[in-house]
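Dear colleague,

I am handing over the structure below, followed by some notes on what was found in it. Please read the notes with the model open beside you.

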Amino acid sequence: MIGRLNHVAIAVPDLDAASAQYRTMLGADVGAPQDEPDHGVTVVFINLPNTKIELLYPLGEASPIQAFLDKNPSGGMHHVCYEVDDIIVARDHLLAEGARVLGGGEPKIGAHGKPVLFLHPKDFNGCLVELEQV
Ligand code: CO
C-alpha cells in the first residue's frame, strides 16, 4: 500500500541555524521557510536526490512541535512520511487493521498542498507516521 518515502521530519530548536547547517555544512538544496498555521509549524524543506527532509519549528501557541521540543530540547526525528495513491482507501484499510488515525481521521491539507493523515506512534514502533496522497 505505501509507496515512496516522501520525507523524514526533524524538529529543530533553531530553524535558521538548522537551515544554514544543511546548506553550508552538508551542501544541501534548502528551501525557504513556509508557515503552516493549520499544523502549528513553520517548515523548511531540504531537497535530496531521493527524498526530502522537513525541518519543523513551532508556530503559534499550541504547536505540537513545542511539546516535542520541551521533551527533546536539542531537537530530534519527529515523523516519517510515506506516499499513498488514495488516502481514504489507505485510512479505511488501516482502521480495519486496528491502527489509530490521529485528529478524527479526516485528511488535512499538508505542506505540499496534498491531503495528509497521521498515524498513532504507539501503533508503529514509537514512530509517528504521516501518509500523503500523491
Ligand atoms: Co511531514
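Which residue caps the N-terminal end of α1? Asp14 does, with a side-chain oxygen lying 3.2 Å from the backbone nitrogen of Asp16, a polar contact being a pair of N or O atoms within 3.5 Å, one able to donate a hydrogen and the other to accept it, where residues adjacent in sequence count only if both atoms are side-chain atoms.

Please bear in mind that this is a predicted model, in which local features need pLDDT of at least 70 and side-chain atom pairs count only at pLDDT 80 or more, while totals for chains, interfaces and linings use all residues. Residues are numbered from 1 along each chain as its sequence is written, and side-chain values use heavy atoms, with hydrogens and water left out.

Helix α1 covers residues 15–25, and its residues Leu15, Ala18, Ser19 and Tyr22 are buried (under 20% relative accessible area, with exposed meaning over 50%, for a 1.4 Å probe and protein chains only). Seen down the helix axis, these buried residues fall within an arc of 100°, taken from the directions from the axis to the C-beta atoms, so they line one face of α1. The face turned away from that side carries the exposed residues Asp16, Thr24 and Met25, and just after the helix Gly27 takes a positive phi of about 65°.

Thr51, in the loop between β4 and β5, is also buried, with a relative accessible area of 12%. Its side chain has a polar atom 3.0 Å from the backbone oxygen of Leu5, and reaches the backbone oxygen of Asn6 at 3.1 Å.

Best wishes

Conventions:
Helix = DSSP H or I, 4+ residues; strand = E, 2+ residues; numbered from the N terminus.
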